[in-house]
Number of protein chains: 2
Amino acid sequence: MNQLVCTTCRSTYPLTEPIWRCACGGLLDLQFEAAIDRAALATRKPTLWRYREALPVRELVSLDQGYTPLLEIEVAGRSVWIKQDQLFSTGSYKDRGAAVLIGHVQALGVRQVVEDSSGNAGCAIACYCARAGIDCTVYVPASTSPAKVAQIEAYGATLCRVPGTRQDTADAVLAAAETTYYASHSWNPFFFHGTKTFAYEVVEQLGWRAPDTVVLPAGNGTLLLGAAIGFRELLAVGAIERLPRLVAVQAGRCAPLYRAFHGLPEAAPEPAPATTVAAGIAIPKPVRGPQILDAVRESGGTILAVSEQEIARALQTTHRQGFFIEPTSAATIAGVAQVVWDAAAGEVMVSVYTGHGLKAAGKH
Amino acid sequence: MNQLVCTTCRSTYPLTEPIWRCACGGLLDLQFEAAIDRAALATRKPTLWRYREALPVRELVSLDQGYTPLLEIEVAGRSVWIKQDQLFSTGSYKDRGAAVLIGHVQALGVRQVVEDSSGNAGCAIACYCARAGIDCTVYVPASTSPAKVAQIEAYGATLCRVPGTRQDTADAVLAAAETTYYASHSWNPFFFHGTKTFAYEVVEQLGWRAPDTVVLPAGNGTLLLGAAIGFRELLAVGAIERLPRLVAVQAGRCAPLYRAFHGLPEAAPEPAPATTVAAGIAIPKPVRGPQILDAVRESGGTILAVSEQEIARALQTTHRQGFFIEPTSAATIAGVAQVVWDAAAGEVMVSVYTGHGLKAAGKH
């Protein structure tokens, strides 16, 4: 039975309930039986909606996007399959989640949402709300790049700049979410049932087989947890025969998941938090942290931390190969460069460009 | 027989000749017999290479792109099909031309090219050269937006900033092109045999029929002339039954084609040329101007001029619909808004978002 389930107290709610967390304050997950109609795919457009039997909405807010190219690219001397998710309309993979979540919001009849985001998720929620005619307020750290803020405002969203850290922004939006529906890319389970399309596309593009290893960024785990859901569903319906190993990448300067996974002590609180160019994954307290650790462990994977130097090197190398990505995306590729040394011959590795370089270009 | 033909002296050259203009100085066109394999399309990926039988190269420099979404969007109260060409890797439709031209350059064995561009074509040539490992120098006006310049440099291209007008940049690159192959988006006919894929995709996406009207920007006419070639080829192979009417849009502040088409006197030279936010189509002396006029006339179309106010209005409206495009793209949509008033009921109109909004966001 399809329903919302609290990860803390196990309360359940029907999907039609306009809530984003449990009455107990706990995180909600979606209990959902996905299906796939492989025969129908040949006649369907290359969009997220190809996998409609696997999506918990009757309609997407759609820009006819998805099915991003999966290209074989050399990373540190080895061939890796890279999903070009920087090519989504708002410039990042977050469109996957926003298309499903805002489709759900529209079906709920909710006319107003709040969201918080260091940039990419805010852009995606603002874009799909604009498309759906839903009123949207986006909370962002005051330090967010001018290019990203311009994009959010262009879509007609109200922008609320919060001084301080990313966490201060998260706190501010939680206060607002007491009275307004929270279209959150970290709390709201429908977002993850959009990002799971990443797994469906990869498996179809590889000819209906699972990759051996998937290297993904982890800040809030929006893509990683979505991919984990997707691969599990694909296994459940028999489209693949095993789960891939999930490797999560964090920036060394903000690596709470890396530390927890490897049993390292928490980073000492600093007067001013260390900054990383991979701002999109610099999340000190990811709300789904325990789920991320579980998903990685269950898959037999690991969590890596990459240095600023490794990110800078990966960024330049990727640009010079003809792919203009943002620095946060380069952290993931730096992680791939670590992993390839241990890769077995013939191992099928998949990773992702998460965001477009133009997102960051305005900073210079 | 496939060959290069001079539009001035009618000299011919084999395709393997590493030239970009005739010995007489004339513009070269490509005499090329296109084919289409509709049966094969069902099994091919949604990329430019679907139409390989229609392309004058044995291989593309490919990022697996193309087949951009064609969405039905409301413009001035009427439904119009809009190609989402802002979703190409470099952020504009210019990738279509660069993929074919640099594929040709690679086949020629040329290892070094020059290009000039107010931004988007420079980005595309730099990107595909990076992918192909070809040395690239891009000439741009010194006034080009920081975001665009950052992108060209990220791809590893050498940037040559030319003070003065767009024409000064064109003159500077012509001098350089005396000794280096000119991968020009206005001179080089192979570029137009990449942009022609626009027409192939539109016709396939509409279910193998020609639209009635196609509204496109016209600066150098890179997309318009490519589309004209594509529709003519599709007519020749019997894939469509008639040519669509081509409507070209110029910014009123730089509208030499509009003036010529309607028999207006040339704009008086001004001490400082009027600037338009639609910088990408502000070309005072388009090298293929006569061809653009011919293509529009042959199709029974027209050339429009739009004001800065109309561009600003179209830009805001489009953003608020959830599409983040650059101001040059909005000029075209402002043209669509003019045309829809005269449209017949049931008339199938197609237009395009040419460039991503993030291209311009760095300016603010």
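Predicted model: local features only at pLDDT ≥ 70, side-chain atom pairs only at ≥ 80, totals over all residues.
Which residue forms a salt bridge with A:E178?

Residues are numbered from 1 along each chain as its sequence is written, chains are lettered from A and ligands numbered from 1 in the order in which they are written, and side-chain values use heavy atoms, with hydrogens and water left out.

Back to the opening question. The partner of A:E178 is A:R21, with the closest N and O atoms 3.3 Å apart. A salt bridge here is a side-chain nitrogen of Lys or Arg within 4 Å of a carboxyl oxygen of Asp or Glu. A:E178 sits in the loop between α5 (166-176) and β9 (181-182) of chain A, and A:R21 in the loop between β2 (12-13) and β3 (28-31), so the pair ties together parts 157 residues apart in sequence. Helices (H or I, at least four residues) and strands (E, at least two) are DSSP runs, numbered from the N terminus. Over all chains, the count comes to 24 salt bridges.

Now, the interface. How many of those salt bridges cross between chain B and chain A? The rule finds zero. It does find four residue pairs in polar contact, both residues at pLDDT 80 or more. That term means a pair of N or O atoms within 3.5 Å; within protein, one must be able to donate a hydrogen and the other to accept it, and residues adjacent in sequence count only if both atoms are side-chain atoms.

On chain B, the elements that each supply at least two residues to the side touching chain A are β4 (70-75), α3 (120-132), α4 (146-154), α11 (308-320) and α13 (358-361). Of these, α4(B) gives the most, with six residues.

As for size, the two chains bury about 2900 Å² between them, 62% of it on carbon and sulfur atoms. Buried area is the accessible area (1.4 Å probe) that two parts lose on being put together, summed over both. In chain B, the residues losing the most area to chain A are B:R131, B:F324 and B:L358, together 18% of what that side buries. The contact (heavy atoms within 4.5 Å) takes 37 residues from chain B and 37 residues from chain A.

One last stop: B:T302, in strand β12 (residues 302-306) of chain B. Beyond its neighbours within four places in sequence, B:T302 is in contact with residues including B:L246, B:F261 and B:V296.
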